[in-house]
Amino acid sequence: MTAMTAPMGKFGQSVKRVEDSRLITGNGRYVDDLVLPGQTYASFVRSAYAHARIGAIDVSAAEAMPGVVKILTGQDLVEGGLFTLPSGWNLTSIDGTPARVGVHHALAVDTVRFVGEPVALVIAETRGQARDAADSVFVEYEELPTVVDMAAALGPDAPRLHADIPSNRAFTWDIGNAAEADAAFARATRRVSLELRNNRLVPNAMEPRAINAEWRSFDSSMTIHLTHQNPIGMRVLFMMLLGLESENHLRVVSPDVGGGFGSKAAAYAEELVVAFAARAVGRPVKWTAERTESFLTDAHGRDHVTKAELAMDDHGRFLGLKVHTLANLGGYISTSNALVVSYMYATMLCGQYAIPAVHAVVEGVYTNTCPVDAYRGAGRPEAAYVIERLAHLAAREIGVDQAEIRRRNFVKTFPHQTPLVYCYDSGDYEGCLDEALRLADYAGFEQRRTEARARGKLRGIGLSAYVEACGIGPSKLLASLGGGGGMWESCEIRVQPAGSVEVLTGAHNHGQGHQTVYAQIISERFGIPMDRITVVQGDTDRIQAGTGTYGSRASVGLSAAVRSCDKIIDKGRHIVGYMLGIDPGEVDFADGIYTSAATNQTVAFTEMVHAAHAATQFPTDQLEPGLVATSFFDPPNFTYPAGVHVCEVEIDPETGVTEVVAFNAADDFGNVANPMIVEGQVHGGLTQGIAQALWENAVYDPDTAQLMTASYMDYGMPRADSLPEFGLAFWPSPTPVNPLGMKGCGEAGAIGSPPAVINAVCDALGIAHVDMPASPEKIWRLCQERQEVA
Amino acid sequence: MTDITLTVNGRDHVVETEDRTLLVHLLRDELRLTGAHVGCDTSQCGACTVHVDGKAVKSCTMLAVQADGADILTIEGLANGRELHPMQAAFHEHHGLQCGFCTPGMIMMAIDIARRHPQPDAATVRAELEGNLCRCTGYHNIVKAVVAGAQRMGEPA
Amino acid sequence: MEITGSYLLPCSPETAWKALNDTEVLKSCLKGCEALERTAENEFTGKVAAKIGPVSARFSGTMRQTELDPPRSCRMQFEGQGGVAGFAKGGALVTLAAQDGATELTYVADTQIGGKLAQMGARLVEGTAKSMADDFFGKFAAAVAAMEPEAVPIAAPAQDASSAEQPSGTPAWLVPVVIAVLAVAALVLFLR
Amino acid sequence: MYELAYSRPQSLADALAMLAEDEGAQAISGGQTLMPVLRARLAMPTRLVDLQRLPELAGIRSVEGGIEIGAATTHAEVATSAEVRAVVPALADLAGGIGDPAIRHRGTIGGSIANNDPAACYPSAVLALGASVTTSRRMLAAEDFFTGMFSTALEPGEIVTAVRFPACSRAAYIKFRNPASRFALVGVFAAQLPSGYRIAITGGGHGVFRWHEAEQHLDGGGAIVGITEDRLDPGHFTGDLHGSAQYRRHVAAVIVRRTLSAMT
């Protein structure tokens, strides 16, 4: 038997990460690290105008500059047969008409619709030469009036972004039952209402977007090195958009990916243009975004304006909910956004509460801003913010404690069919609330408030009880809602003759520690050390199928892995049966050893592996040699992670500065494979959510639609010194929808925290609402008003 | 073009470079040390942090020619073979990284912090990390890693 | 962005009006002005090399005067291109009023900037505008004083330190001023 | 950035000659402001003349009644200098809070004050302490050196060589940070010198300035609590995304009171 020097994986243990060794030594490999033979570099010419008709494009000066290889304009792309960028979701308006999708050329043709939209591409021998030449491309613009505000964009006199789309309205979609909601409101004795803005965010993955594309003319095939969350999925899309003959003509490779948060799940114009250019010049073309380009063109997040109303009885029991949301699409509909603003958002508006009657309307509006798409949580944070702000107001209205109003309305039995399509799988909302309150010492808060007041600070506490939908699937449901289906994940496990294991998954790690968790789970299943297991991902030459990593889909991929493990183990039983001359049904497997209770004989997993490849101990006409298993897991339902976040803030009334002094969260992620990694995910999510509530804000000038926050000078990123230490606890209710009982944890932090922070701020100031971000000046002004009242 | 001489991770190099080349680009493109990353254009993210003559600096905010004659240490030069530097080990131990993009800069800054503050508390570490942005971890575990790594750097080897 | 300002000029409105339409006077008062020409009755073009702090950019632009009511007021539209730095444009209403033998010049300018200027320099627009306006009118006041020997001996902005309404801003009077002013907006940075 | 040439002169005289002979030449010290500007292609110098290693600009020296800091001294050197801490502790504190550690390792006092960013920290100390600025040509009082945002009395080709601060144990600096850039949204340096109180405010928008009314109030024996924003000229303040002029003015008064309280 093999000596076990390396750690054995075990589900539920905080196993240290396998991927760290390369990342902490500078041996990570990101797209920009790659230099290919014959490498050229690309630089984009971008519009400084938010809305303009493009006149002549004069490239003659640029073409004459040193090192310039080629310059492409939108017209070249059209002539070259490049397709326009699609909307990946078919949304249908209330009146039955399909969403109106504005034509999105990868390089603008005729019209630019937001600042930074690419107009031309320069390819040159060096990065500097490409940029030098791009600065020398002269584009004539005829300025058009701009619109940033959604209400204005819907108005009769608004500038129209797409000639064929009246009122800039892409769709008016609804969900729920309007008549039932009206009836509930008619019955209600108490109600609260709210108008809020969910501020626009810039995702800011630390690794900027990057692509390095090479074309092989001898077999008309292309390889794209791309930083992306879904490289396998991008192959099909790029193949179609580029007009390549088949999947076999395109290889997509995503090496290490430096963060995504949803922003690297979209198909972008720039990447498509660079791929097109590589074919046009017959040499590898690399483009890496500068940070300002990222600010201007990485799909932004959120940007809703919502009116919401909650109907209650005298005891604060929620009877009905009405929500009307304007969702800012930007200049075009980005890949997944039609899904994000509809079925990822409005379906979750009930939150953790049993609300019998709900109606929600979402209007998708074009404006002269960067397209919006999935950003950490993608729709679900917007929903949690609406219902959790309403819950806070409801407690005020009824005059009960924040925790009590939630307790009275929690969903208590599972599965729970909401009035909004989805069916919650499992949970213990009240237990989770109690755990969070305990963790936060909720009972001791008033004393802390008094103590803070003595220091001149206004202390407040805010709760948020969120639920979200993760592990997206099943395919059929998604297809019925307007998607293309295909929401499964695949996993192939190859056991090599000497006993090492290769795991091929279509999920793609960009910080989540997949290599560790896959190895951990498979190590435990097979009873072999983790270092025998290699996880292969992000290369279409290796992986046949997959749908990438977003929406906390690790549970889906891991479920496929578990199934493949089961298939391997089961085949092993047959092999061992032959080896021991017993019925495979009498072979047990545990801790890496096959045993026969009847004969008291054992065969180690590795011995079985050798036998499987030697193929001498079983009849190969009845049992095939080798050990490879592939599984596709299509989840029967979403999973519904939930939790309660408790935020405490202190406000300096003299300056309006809000400090988060404590943040505690109890979360139900179902079973947790690796608590260390899951906690890390929560820390990051909480930080993004706290930052949304207090600092982050993408601001377009209302008159010119210029992005005023296009660098870290003006966009308030969270930093180490502005955050507290987090207190976390798990309160698991394992899900029945997958074999591991896992629910997913990637988005939770960013979903629960913004309402917790704003509820705390409102509690501190005794006010009904303040829009995010709660900037110092905004809070100072509120403090002034408060003083005047007092 | 200018010829410059510099020592990187203990090895001497003579490189011809354009005067406008940033130090980070020299390291990445010419010397193929791709551990230092470029995460912003405004000297704020710190992903490019390396040590120049023993001090943490942002290699995107310095010309390569300015480093003529300098002794440079990058993330690639920290480990001794397979033996990790205590700060690298601490980042691993405390899960102080997720996507890993900011990590080389974080570690180089962390070592600099530890040299200036041998036993830093969490508040000191948070303040000292002002110029290093991370989008994944919420800094929680980075802070723990730096405190622990600094502790271990202070212990006898 | 709307900016307003007012300055007291040591001359009559007539002299001020004349000076404000004299390209040579304007050119001499405007820092970094490399060219300023009248291309039509009420149309000017100009080039300005603006440098403030570490940022420098070269702008070229045009300005058109409308609604002329000499020597009391006029309205103007201006537009300038700063290449990589971006663009600036806007409109302004300038009025001149006699005041105790001097002239008070008041402007209300609506200025828009785009491209890198807007993306990176928002924090500096207003302050830059004022400092360039002060610089310009300091020189301009001296220039008009020289044109009008009997002028009252003042050459300062109409500032009142105790007034909460103290104006600041750029004279959108001439294209180049505004454009130069705005170049600075690009000043991202980071003085450490 | 655009193409340019780089020179590292060995002496101040060489540096001055290089700047004099090429109109497009630009002096660079720590470069922590200039480099990002160059990367954004918002400046196009033909040549950078590196001042950082000039011997004439180096060193921290005791001088009668105070301390002289060479222009090429980095923020980190000032922050950790025992001499500076002994003579003007608040100055060491200020330097230790500029930017972040990596920036402090390269950014210099000479570069900072020559640039005179309206939100920079150093100018407030220079002005509040009544420091004098030595250049390659002359010596200037702080009041005469700073002439507005990004504007100083320096003439083309003139270089800051040192800054001389008087000893002052009763002084403090507090920076109220812009939540995004971390520059001073408002920064206040207050000092009590033999001549009386001096209070300098940075971050207002138009460049560093002294609040004479508050100084007079204190010199007349007034209490800190009596320092209110209504005595602060609103003309010193501009607004941006991060705070209106009104808010900045209010915060300035708050921070002045806090800084004075921190001095005792």
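Visitor: Which residues are buried in H1(C)?

Guide: In H1(C), the buried residues are C:Pro13, C:Thr15, C:Ala16, C:Trp17, C:Ala19 and C:Leu20. Keep in mind that this is a predicted model.

Visitor: Now the contact of chain B with chain A. How many residues are in it?

Guide: Chain A puts 56 residues in contact with 45 residues of chain B.

Visitor: What area is buried there?

Guide: About 4200 Å² is buried between chain B and chain A. Carbon and sulfur atoms give 53% of that area. On the chain B side, the residues that lose the most area to chain A are B:His95, B:Arg126 and B:Arg135. Together these three make up 19% of what that side buries.

Visitor: Why give an area at all?

Guide: The accessible area lost when the parts come together is often used to state the size of an interface.

Visitor: How many salt bridges are there between chain B and chain A?

Guide: The count is 6 salt bridges. One of the pairs is A:Glu725 with B:Lys144, where the closest N and O atoms are 3.1 Å apart.

Visitor: How many residue pairs are in polar contact across that interface?

Guide: The rule finds 32 residue pairs in polar contact between chain B and chain A, counting pairs with both residues at pLDDT 80 or more.

Visitor: Which elements of chain B give two or more residues to that side?

Guide: They are helix H1 (23–30), helix H2 (86–93), helix H3 (103–116), helix H4 (122–128) and helix H5 (140–154) of chain B. The largest share, 4 residues, comes from H2(B). By class, the side of chain B that touches chain A has 17 nonpolar, 17 polar and 11 charged residues.

Visitor: Chain D next. How many residues does its contact with chain B take?

Guide: The contact takes 30 residues from chain D and 27 residues from chain B. Between them, chain D and chain B bury about 2400 Å², with 53% of it on carbon and sulfur atoms.

Visitor: Which residues of chain D lose the most area to chain B?

Guide: D:Arg39, D:His105 and D:Arg106 do, and together they account for 27% of what the chain D side buries.

Visitor: What about salt bridges between chain D and chain B?

Guide: There are 4 salt bridges between these chains. D:Asp100 forms one with B:Lys58, and the closest N and O atoms of that pair are 2.6 Å apart.

Visitor: Which element gives the most to the side of chain D that touches chain B?

Guide: H6(D) gives the most, with 6 residues. By class, that side of chain D has 12 nonpolar, 6 polar and 12 charged residues.

Visitor: Last topic, the open sheet in chain A. What is the order of its strands?

Guide: The order is S4-S2-S6 in chain A, an open sheet of 3 strands with antiparallel pairing.

Visitor: Which are the edge strands?

Guide: Strand S4 (111–112) and strand S6 (138–143) of chain A are the edge strands, and each pairs on one side only.

Visitor: How many bridges do S2 and S6(A) pair over?

Guide: Strand S2 (residues 52–58) of chain A pairs with S6(A) over 5 bridges, in the antiparallel sense. A:Ala52 stands opposite A:Glu143 in S6(A).

How values were computed. Residues are numbered from 1 along each chain as its sequence is written. Chains are lettered from A and ligands numbered from 1 in the order in which they are written. This is a predicted model: local features need pLDDT of at least 70, side-chain atom pairs count only at pLDDT 80 or more; totals for chains, interfaces and linings use all residues. Side-chain values use heavy atoms; hydrogens and water are left out. Contact means heavy atoms within 4.5 Å. Buried area is the accessible area (1.4 Å probe) that two parts lose on being put together, summed over both. A salt bridge is a side-chain nitrogen of Lys or Arg within 4 Å of a carboxyl oxygen of Asp or Glu. A polar contact is a pair of N or O atoms within 3.5 Å; within protein, one must be able to donate a hydrogen and the other to accept it, and residues adjacent in sequence count only if both atoms are side-chain atoms. Ala, Val, Leu, Ile, Met, Phe, Trp, Tyr, Cys and Pro count as nonpolar, Asp, Glu, Lys and Arg as charged, and the others, Gly among them, as polar. Buried means under 20% relative accessible area, exposed over 50%, partly exposed in between (1.4 Å probe, protein chains only). Two strands pair if DSSP finds at least two bridges between them.
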